[in-house]
Structure formats: C-alpha cells, structure tokens
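Hi,

Here is the structure I said I would pass on.

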Amino acid sequence: MAAVARTITDDQLANKTPCTEYDVRALVNHLLFWGPSLAGGGRKESVAQPAAAESDVDLAAGDWRGRLLALLDDITLSWAPPSAWEGETSMGTPHTLPAPVMGDMIVGELAVHGWDLAVATGQRLELPDDLLAHLRDTVFAGVEQGREMGMYGPEVAVPADAPTLDRIIGLTGRDPAWA
C-alpha cells in the first residue's frame with residue numbers, strides 16, 4: 001500500500017474506488033481514522049478515535065500522504081514482534097479477538113484497500129507470492145466472518161485459474177476487472 005500511496009496525486013483524491021462507499025479521499029480518510037487502532041492492536045493498546053465517526057473528520061487534508069506512510073510504518077512495527085500475535089487484542093473496542101485473527105484481518109484489510117487505491121489511481125498492486133499465499137488462506141478461511149462484520153460484500157465470481165490476487169479480490173466482493 002505504501003508504494004501505491006506514494007504516487008497518488010491530490011487531483012486523484014476524487015476518483016471512485018471499487019470499494020463503493022469511498023472515493024480515494026474517503027478511503028484515505030478511512031485508513032487514517034482506523035489505522036492508529038490497527039497499530040494499537042499490535043501493541044495491545046487502546047487508541048482513542050479522532051472523532052465519533054469517520055465522516056466527522058477530514059484526515060485527508062494537508063500532508064495526508066506523509067501521515068499515511070508513517071501510519072503504515074507504525075502498523076508494521078507494532079505487529080512485527082511475535083508477542084503481537086499472541087493472546088487477544090482489539091481495535092480499541094471492548095470486543096477482543098485472538099491476536100492472530102486480528103493480525104490476519106489487518107493484513108487482508110491493507111492488501112484489499114491497497115488494491116482499491118491502486119486501481120482507482122491507475123496503478124497495479126504488486127504483492128509477493130508468500131503474502132498472496134497467506135492472504136489466500138486467511139481471507140478464504142475468514143470470509144464469512146468478514147461478511148458478517150460488514151467488511152466484505154457478496155462474492156464476485158472469478159475463474160478458478162485466475163491469479164491469486166484476483167480470486168482474493170472477488171471473494172471480498174470486488175470485481176477484479178473493475179475499471
């Protein structure tokens with residue numbers, strides 16, 4: 001996602017994304033709003049939200065790119081120690097999940113929203129094969145829970161021999177051929 005974010009221009013912030021709730025600006029706002037909680041989850045810390053709702057604040061103003069890149073680094077660092085993946089954690093709510101489940105959800109969230117941003121701005125998201133294999137296993141295993149939580153829409157049919165990223169994207173309710 002960081003590689004994609006580095007090349008998004010301010011004039012692309014109004015572009016529509018495959019995540020129908022968001023244009024690029026709103027998706028950046030979403031990531032900046034929830035990102036500190038994602039990082040806090042790795043540290044097992046509760047992080048206060050900047051507002052009652054995402055729509056109450058515009059975090060995609062000013063140096064949004066610098067803040068997003070710093071936040072992505074923070075999320076990565078917070079989930080790097082093995083201890084982040086042990087026990088239970090939350091995203092600042094009273095509801096906890098096993099840390100490995102939460103960590104895998106975050107990896108999936110960043111990969112899928114990274115793809116959203118990439119295609120909305122005419123880029124291609126490149127992910128290493130080992131990450132794609134991990135995402136395939138974890139997204140496929142947790143897709144129904146993700147739908148129940150409102151993270152994913154209805155599955156978009158994708159051929160079984162399609163690239164792994166396309167199958168993951170289809171499973172989350174997005175059309176890999178979106179344009």
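Below is what I found, going from the whole chain down to single residues.

Before anything else, this is a predicted model, so local features need pLDDT of at least 70 and side-chain atom pairs count only at pLDDT 80 or more, while totals for chains, interfaces and linings use all residues. Residues are numbered from 1 along each chain as its sequence is written, and side-chain values use heavy atoms, with hydrogens and water left out.

**The whole chain**

The protein chain has six helices and two strands. Read from the N terminus, the order is α-α-α-β-β-α-α-α. Helices here are DSSP runs of H or I with at least four residues, strands are runs of E with at least two, and both are numbered from the N terminus. With a radius of gyration of 16 Å, close to the 16 Å that the globule rule gives for 179 residues, the chain is as compact as a globular protein of that length. (That radius is taken over C-alpha atoms, and the rule is 2.2 Å times the number of residues to the power 0.38.) The C-alpha trace spans about 40 × 35 × 30 Å along its principal axes.

How much of the chain is buried? Of its 179 residues, 42% count as buried. Buried means under 20% relative accessible area, exposed means over 50%, and partly exposed is in between, with a 1.4 Å probe and protein chains only. The exposed surface comes to about 9100 Å², and carbon and sulfur atoms supply 56% of it; the areas come from the Shrake-Rupley method with a 1.4 Å probe, and for residues only the protein chains shown count as cover.

On contacts (heavy atoms within 4.5 Å), take the pairs of residues at least 6 apart in sequence: 63% of those contacts join residues at least 24 apart. As for charge, there are 12 positive and 26 negative side chains, and the centres of the two sets lie 3 Å apart. Lys and Arg count as positive, Asp and Glu as negative, and His and the chain ends are not counted. The place of a charge is NZ of Lys, CZ of Arg, CG of Asp or CD of Glu.

**The core**

A nonpolar core is a set of buried Ala, Val, Leu, Ile, Met, Phe, Trp, Tyr and Cys residues joined through side-chain atoms within 4.5 Å. The largest one holds 48 residues, and Ile75 and Leu117 touch the most other members. The elements giving it two or more residues are α1 (2-7), α2 (24-43), α3 (64-79), α4 (99-120), α5 (129-148) and α6 (164-171). The largest share, 10 residues, comes from α4. Leaving aside neighbours within four places in sequence, Ile75 is in contact with Gly35, Leu38, Ala39, Ile106 and Leu110.

**Helices α5 and α6**

In α6, the buried residues are Leu165, Ile168, Ile169, Gly170 and Leu171, and what covers them includes α4 and α5. Thr164 is also found in α6, but at 21% relative accessibility Thr164 counts as partly exposed. Not counting residues up to four places away in sequence, Thr164 touches Leu132 and Arg136. After α6 comes Gly173, with a positive phi near 100°.

Over in α5 you will find Gln145, partly exposed at 34% relative accessibility. Gln145 touches Leu97 and Val101, again not counting residues up to four places away in sequence.

**The loops**

Thr17 lies in the loop between α1 and α2. Thr17 is buried, with a relative accessible area of 4%. Which residues does Thr17 contact, leaving aside its neighbours within four places in sequence? They are Tyr22, Asp23, Val24, Leu27, Asp116, Ala120 and Trp178. Thr17 and Trp115 are 98 residues apart in sequence, yet 9.4 Å apart in space, C-alpha to C-alpha.

Thr121, in the loop between α4 and α5, is buried too, with a relative accessible area of 9%. Beyond residues up to four places away in sequence, Thr121 touches Ile8, Gln12, Asn15 and Val24.

Finally, look at Lys44 in the loop between α2 and α3. Lys44 has a positive phi of about 60° although it is not a glycine, and at 37% relative accessibility Lys44 counts as partly exposed.

Cheers
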